Amino acid sequence: MRKFIGLILVGIVASGIVLSLFKIPFGTPKTKVGNYYLNKGIEQTGAVNIVTSVVLNYRGFDTLGEVIVLFIAALGLGMVTLTFKREKRKISPPSLILSVGSRFLFPFILLFGAYIFLHGHLSPGGGFQGGAIVASGFLLIYLSCKRTINKERFKLTESLAGLVFLIIGLIGVYFSGYFLFNFLPKGVANTLLSAGIIPIIYIAIGFKVGAELAGIISDLMEETRKEFKAQS
Amino acid sequence: MIYYIGAFGLIFIGLFIIMTRHNLIKMIIGLNIMDTGVNLFLISIGYIRKGTAPIFSKPGINPGSMVDPTPQALVLTAIVIGVAVIAMALSLAIRLYQHYGTLNMRKIKEQRW
């Protein structure tokens, strides 16, 4: 019965959307905004990756808001995990392949994450993706061996990285009157030291996202950790 | 067009799961599927035929043949935020299980709908 009603409701919504969907053109030329970004992007921001210049320069304030949303979600998760009842869970210890392999792979994963967020203005990638890769390295550490991260230091890293983003925006206000103004020289396009403030902000975002996601992982894996220590 | 159909297919599958399942974990999985569908839809709006990635990696690339960068920039942040929101929802599910001893939403007494 419940499934039937659900199917009917979804069908009504779907038919409405599909009827309007046929009016949206697919694969046609871009909007005016998109063309403007593509034509003026390099000379105005200095970044060859236009997506990055949209994320951090044209819509930098928007990105600051999204970073704050991420921060609030991580904070809320920390608050909820504080109220967990700690109870014993049965967890099988990691196998030899996992523990040795993760210890071998961890530095390379960190290096790859750093590469991704350093080259955000040149190639696909950026702070958010690089941060997620760094956090996946910490997940591997949590799954395999008996180490934990120092939560206080991660919180400190996260707050400092957020502050760097804000302070760079405020320096832009000081120089030109616009928040997040690109006050550094743009440099030669398609080189590592170009695009002014964009690489600096992406490094800050990389550290922030990495620390936040690693904090989420450690919050959720904490119980497992105690179990390991009891066993070993 | 096939991209729109796929994207809305994912959204409707997620909606159906959220409406009909009783298990909270399955509802969260449905939410995640909806999230993916919305991201796919946004990306496919910006697509143009035979378009390339909006990166000037070599000199002499025609900007007219690139796809629209704006929806990509929106989706880029939306993916990471989706991960954080799903993690938050899962932690609430753990807390709910510890409080009521069940994940079945219809068996939870205070919940009437």
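This is a predicted model: local features need pLDDT of at least 70, side-chain atom pairs count only at pLDDT 80 or more; totals for chains, interfaces and linings use all residues.
**Figure 1. B:Ile29 sits in helix H2 of chain B.** B:Ile29 has 16 other C-beta atoms within 10 Å, so B:Ile29 is partly exposed.

**Figure 2. H1(A) and H1(B) cross at roughly 155 degrees, with axes that come within 10 Å.** Angles over 145 degrees count as roughly antiparallel, and H1(A) and H1(B) are therefore roughly antiparallel to each other. The crossing of H1(A) past H1(B) is right-handed. On the H1(A) side, the contact is made by A:Arg2, A:Lys3, A:Gly6, A:Leu7, A:Leu9, A:Val10, A:Ala14, A:Ile17 and A:Leu21. H1(B) brings B:Tyr4, B:Phe8, B:Phe12, B:Leu15, B:Phe16, B:Met19 and B:Thr20 to the contact. Sorted by class, the residues of this contact of H1(A) with H1(B) come out as 12 nonpolar, 2 polar and 2 charged.

**Figure 3. Chain A meets chain B through 48 residues of chain A and 37 residues of chain B.** On the side of chain A that touches chain B, the elements giving two or more residues are helix H1 (2-21), H2, H3, helix H4 (60-82), helix H6 (127-144) and helix H8 (198-231) of chain A. Which of the elements gives the most? That would be H4(A), with 10 residues. The residues on this side of chain A divide into 30 nonpolar, 12 polar and 6 charged.

**Figure 4. A:Leu220, in helix H8 of chain A, has contacts in chain A and chain B.** Setting aside neighbours within four places in sequence, A:Leu220 is in contact with A:Thr81, B:Ala87 and B:Ser91. A:Leu220 and A:Thr81 are 139 residues apart along the chain, yet their C-alpha atoms are separated by 7.3 Å. Is A:Leu220 buried or partly exposed? It counts as partly exposed, because A:Leu220 has 18 C-beta neighbours inside 10 Å, and buried takes 20 or more.

**Figure 5. H2 (residues 32-45) and H3 (residues 50-58) of chain A cross at roughly 65 degrees.** The two axes come within 10 Å, and H2(A) and H3(A) are therefore roughly perpendicular to each other. Their crossing is left-handed. H2(A) makes the contact with A:Tyr37, A:Leu38, A:Gly41 and A:Thr45, and H3(A) with A:Ile50, A:Ser53, A:Val54, A:Asn57 and A:Tyr58. By class, that contact has 5 nonpolar, 4 polar and no charged residues.

**Figure 6. A look along H6(A) shows the helix's length and its buried residues.** The 18 residues of H6(A) should span 26 Å at 1.5 Å a residue, and the end C-alpha atoms are 26 Å apart, which agrees. Among the buried residues of H6(A) are A:Gly127, A:Gly130, A:Gly131 and A:Gly137, along with A:Phe128, A:Phe138 and A:Tyr142. A:Ile133, A:Val134 and A:Ile141 of H6(A) are buried as well.

Technical notes. Residues are numbered from 1 along each chain as its sequence is written. Chains are lettered from A and ligands numbered from 1 in the order in which they are written. Axes are lines fitted to C-alpha atoms, for helices over the stretch in contact, and angles run from 0 to 180 degrees between N-to-C directions. Helices (H or I, at least four residues) and strands (E, at least two) are DSSP runs, numbered from the N terminus. Angles under 35 degrees count as roughly parallel, over 145 as roughly antiparallel, 65 to 115 as roughly perpendicular and the rest as oblique. A crossing is left-handed if the near helix is turned anticlockwise from the far one by less than a right angle, and right-handed if clockwise. Two residues are in contact if their C-beta atoms, placed from the backbone, lie within 7 Å. Ala, Val, Leu, Ile, Met, Phe, Trp, Tyr, Cys and Pro count as nonpolar, Asp, Glu, Lys and Arg as charged, and the others, Gly among them, as polar. A residue is buried if 20 or more other C-beta atoms lie within 10 Å of its own, exposed if 12 or fewer, and partly exposed in between; C-beta atoms are placed from the backbone. The expected span of a helix is 1.5 Å times one less than its number of residues.
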